Amino acid sequence: MISCREFRDQFQPQSQDANLLEHVRTCDACLDFAAHVDPDIMFRAIGGSEMVPPGGVDAFVDDVMRQVRVRSAANVVNIQPRWSWRRMSAAAAIVAGVTVGTTMYVMTGFNPSHDVLKPVATAHVAMVQKNLTTKPVVETYESENATIVEVPGESTGAQIVMIVDDSLPSDL
Amino acid sequence: MKRRILLALAALAIMTGTAYADAADAGKALSVRTFQFKFKEADKAAAVIKALVSSEGSMAIQPSSNSLVVTDHADNLKAIANALSQYDAPARNVRLSVRLIGASRVDPSAVTATAEGLKDIAAELSMLRFNAFEKLGDSEVQGKEGEPGMIDLGTGYRAEFKFGEYDPASDTIKLNDFRLEKLQNDQLTPLYKASLNLKLGRTVIVGAQKPQGQRALMIVVIAKRS
């Protein structure tokens, strides 16, 4: 595009020069200058009587569409709110999950005897009770000097208990 | 719509937390329950459930009403109630099958095959230091909890005892004052006296010997409900 000095040197009333008309469309100062010399300059600059924009229709259309795209892109960016409902819903779901998980952790303490793991807990308790309530075969024996040995055997087999007592008669 | 979903999620989180808090409190809280006995004495029942009461639990006997007040966790109280319901029952019939065995240490060349009537316990007998076993006699006796019992083994040996109480927690019947005696010169000589706990359905072998003795006397007994 020509400079303002070149425009003012070359401009003549009723001029149809495309370079001059292009310049006057983008420079307000030269448009004001040219309007004093030729009041119709503005009409001719935007297409004038032949309704063909300077530089051709394609260039004009490209220029217009470029402006439209720039403004559309600006609008798309501006209409995005910072916090959308979708984001807030996702955040709420995460908070709910963390709350439930934390509550379970604190209340249960990963204790396997809690109701959450009830079948396992029942088996565990039953086994402990069985061990706790096992009784010795010989609970009392009258002689204090005796040694009593219980041989731990399998629960299904016979259990052996030996009483070694010096006070027993030799001819048992 | 989205706002409703958000509110529903928040309410769900609060309700879930409250529910778990209630459940946890219920599991940790202590409860009190009174058990009154119809057939058994409360002080003996206390001994039966002693092993079942947790470290945080406690119990108090009320002799005037023959009852037991137990404080414990709800889960534990269920187990205690179950044990006491089995315990507070009319006197049970028990049957004892008894065999008497003489065991000795002999020269290995003189060892014979396992005697008839002892093959079911041959594996257990092989664990002992003796290598010759002789069945001296056998007998069966039936009785109720609290009744006296007597076993005559027919070869000069006799056992007297008293049927004790059945313990549901260990599934055992107690034989109180079990006295084994031997007839010598028309007189009964006491050999030993003990109290025995016999698990129902399980074979128990009770042997007696002197230290470094070459002979032992063994009683093989099985207690069963009858």
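**Figure 1. The loop between strands S10 and S11 of chain B.** In this predicted model, strand S10 (203–209) and strand S11 (215–225) of chain B are separated by a loop that contains B:Gln212. The phi angle of B:Gln212 is positive, about 60°, although this residue is not a glycine. B:Gln212 counts as exposed because it has 7 C-beta neighbours inside 10 Å, and the limit for an exposed residue is 12 or fewer.

**Figure 2. The loop between strands S2 and S3 of chain B.** B:Asn66 is located in the loop that links strand S2 (58–62) to strand S3 (67–73) of chain B. This residue is not a glycine, yet its phi is positive, at about 50°. Is B:Asn66 exposed or partly exposed? B:Asn66 has 16 C-beta neighbours inside 10 Å and therefore counts as partly exposed.

**Figure 3. The hairpin of strands S6 and S7 of chain B.** Strand S6 (residues 148–152) and strand S7 (residues 157–167) of chain B run antiparallel and are joined by 5 bridges. B:Pro148 has B:Lys162 in S7(B) as its bridge partner. The hairpin has 4 residues between the strands, and B:Gly154 takes a positive phi near 80° there.

**Figure 4. Helix H2 of chain B and its surroundings.** Helix H2 of chain B comprises residues 42–49, and its buried residues are B:Ala42, B:Ala45, B:Val48 and B:Ile49. Seen down the axis of H2(B), these buried residues fall within an arc of 105°, so they line one face of the helix. An α-helix has 3.6 residues a turn, so residues three or four places apart point the same way. The face of H2(B) turned away from the buried side carries the exposed residues B:Asp43 and B:Ala47. Among the elements that cover the buried residues of H2(B) are S2, S3, helix H3 (74–87) and S7 of chain B. In chain B as a whole, which has 4 helices and 11 strands, buried residues make up 27% of the 226 residues. Of the contacts in chain B between residues at least 6 apart in sequence, 52% join residues at least 24 apart.

**Figure 5. Helix H2 of chain A and the helices that cover it.** Which residues of helix H2 (residues 18–26) of chain A are buried? They are A:Leu20, A:Leu21, A:His23 and A:Val24. Viewed down the axis of H2(A), the buried residues fall within an arc of 160°, so they line one face of the helix. A:Ala18 and A:Thr26 are exposed on the other side of H2(A). The cover over the buried residues of H2(A) includes helix H1 (4–10), helix H3 (28–37) and helix H4 (41–45) of chain A. Chain A has 7 helices and 3 strands, in the order α-α-α-α-α-α-α-β-β-β along the sequence. Buried residues make up 12% of the 172 residues in chain A. Of its contacts between residues at least 6 apart in sequence, 22% join residues at least 24 apart.

**Figure 6. Confidence around helix H7 and strand S1 of chain A.** The mean pLDDT of chain A is 77, and 73% of its residues reach 70 or more. Within the chain, confidence is lowest in helix H7 (residues 118–132), at a mean of 43, and highest in strand S1 (residues 138–141), at 94. Over residues 113–131 of chain A, pLDDT stays under 50, and the model has 15 contacts beyond four places in sequence for these residues. Where pLDDT is low, the predicted coordinates should not be read in detail.

Technical notes. Residues are numbered from 1 along each chain as its sequence is written. Chains are lettered from A and ligands numbered from 1 in the order in which they are written. This is a predicted model: local features need pLDDT of at least 70, side-chain atom pairs count only at pLDDT 80 or more; totals for chains, interfaces and linings use all residues. pLDDT is the predictor's confidence in each residue, from 0 to 100. Helices (H or I, at least four residues) and strands (E, at least two) are DSSP runs, numbered from the N terminus. Two residues are in contact if their C-beta atoms, placed from the backbone, lie within 7 Å. A residue is buried if 20 or more other C-beta atoms lie within 10 Å of its own, exposed if 12 or fewer, and partly exposed in between; C-beta atoms are placed from the backbone. The arc is that of the directions from the helix axis to the C-beta atoms. Two strands pair if DSSP finds at least two bridges between them.
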